[in-house]
Each structure stands twice: as C-alpha cells, then as structure tokens.
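I opened my notebook to look up how the strands pair and where the nonpolar residues gather.

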Amino acid sequence: MLSIVPVRTRRMSKKFDVVRLIARLLEGRLRSGDVLVISSKFLAVSEGRMVRLRSVKVSAGAARLAGAYRMDPRLCELVIRESDSVMGGVPGFLLANREGLLTPNAGIDKSNVAHGTVVLYPRRPEELALRVRRSVKLFAGADIGVVVCDSRLMPTRRGTTGVALASSGLEAIVDMRGRADLFGNVLKVTAQGLADDISSAAQVLMGESDESVPIVLVRGLN
C-alpha cells in the first residue's frame, strides 16, 4: 500500500547542511525502497541561493521586459540570468526555458522568504538529488530514491501541481510501450511520468503557504 508522510521542520532562512538535517529528522525511519520528495526551494535555501533584489543591477534587456510585462525590472534581470531563454510572458510572469523545463520566472520565488528577497532554483538539481541519496545510504544504510520537486502552473488550467526537477534512484519515466491495456490493445507511445506523479502527490502535503513540510516520505512504490 502506498503511503505519503509529511516531514515537518522549522523555518530555514539561511544556508544549512540539508543532509545533516535529513539525518536528524528521519533517524531510524528510512527503509530501502522509500522515496524522499524534497522541495526545490528548501534545497535552494540550503545552498544559500537567496538574492536581495536591491543588490541586482538591471540591464537594458531586463528593463524592456519589465515594461512589456509590468514586472519588477530586478526580477526580470534575474530571470534572464537564470534562464536558457525567455519565450514571452503575461503581466507579472515571464515564461522561461531552464534546462528543458518551461517554468514561470525561471523558478524564482518570492514566497516563504524575507521581504525584498527571492529564492532561485538549486544550482544542479540532478547532482543534488544524487548526493542526498548517497549520503542517506551512508548514514541510514537504506537504498532510497530522491525526487526534487517544485510547484508549477499549467497553461489553460488554474491552480498549482507538482513537477519533478530531478530524481535519483528511481525510474523517473516508465516506458509503457509494448504493454497491453484492458482490451488487449498494445500501447505504442505511452510513458508514465512517475517522478512528476510522485511530486504531485507530495505537493498535497507540502502545500503552498505556511505548512512547513519541505520533505515528504513516500513508501510502497515497489
């Protein structure tokens, strides 16, 4: 049976050792086969990826984007720096491409952080997921999976859902091609986004405001 368990912690507002914190919060609780879903913002804070907007110097390109989309030019500047490309936007948001993920404002977030400060995405989410997984195996002796997740908006839909930025130790995309459906039809193109599915499930507990649940323990995925 699948279970998802919230892991609460105090508010973190400066750089910290995320592996040591996970070891303390989950001491004696982890088993091989478990999956830890960890908020990308929580990991970014652990890396010290906070920026004070007043320290940002605005380029001419950022000023143009700010005028076109009615945004803070300093935020636009950070989006440009953090993106592979900026594809357009709507008032208040730029649609950015970052490492193949289409995301508003390149994942830069102003919520759950001190006023006048923003949080960027983690530097290298894939490497971070692998490091956390290997460290957990060392201190807990458990072979787990790790998913780095974020909340996202979907075009034409209202409300946020979870999305995986990176994963380690599990099959993030399950190839269903060659399997038969209930009526014997052979699937030809279907692939299940397992890491995204897990992220959405975890997001129910993580929430979007003051829940203080940056980690969710998923058990029973088999």
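Here are my entries on the sheet, a helix and the cores.

**Ground rules.** I am reading a predicted model, where local features need pLDDT of at least 70 and side-chain atom pairs count only at pLDDT 80 or more, while totals for chains, interfaces and linings use all residues. Residues are numbered from 1 along each chain as its sequence is written, and side-chain values use heavy atoms, without hydrogens and water.

**Sheet.** I looked up an open sheet of 3 strands, ordered β4-β5-β6, with antiparallel pairing. Its edge strands, β4 (85-90) and β6 (101-104), each pair on one side only. The twist averages 25 degrees from one strand to the next. Strands are DSSP runs of E, at least two residues, and helices are runs of H or I, at least four. Two strands pair if DSSP finds at least two bridges between them. β5 (residues 93-98) and β6 share 4 bridges. In β6, L102 stands opposite N97.

**Helix.** Which strands does α3 lie across? Helix α3 (residues 60-69) lies across β4 and β5, at about 25 degrees to β4. Angles run from 0 to 180 degrees between N-to-C directions of axes fitted to C-alpha atoms, for helices over the stretch in contact (heavy atoms within 4.5 Å).

**Cores.** A nonpolar core joins buried (under 20% relative accessible area, 1.4 Å probe, protein chains only) Ala, Val, Leu, Ile, Met, Phe, Trp, Tyr and Cys residues through side-chain atoms within 4.5 Å. The largest has 32 residues; F42 is among those touching the most other members. Its largest share, 5 residues, comes from α1. Apart from this core lies another of 18 residues, including Y69 and A96.

Notes. Buried < 20%, exposed > 50% of the residue type's maximum accessible area, 1.4 Å probe, protein only.
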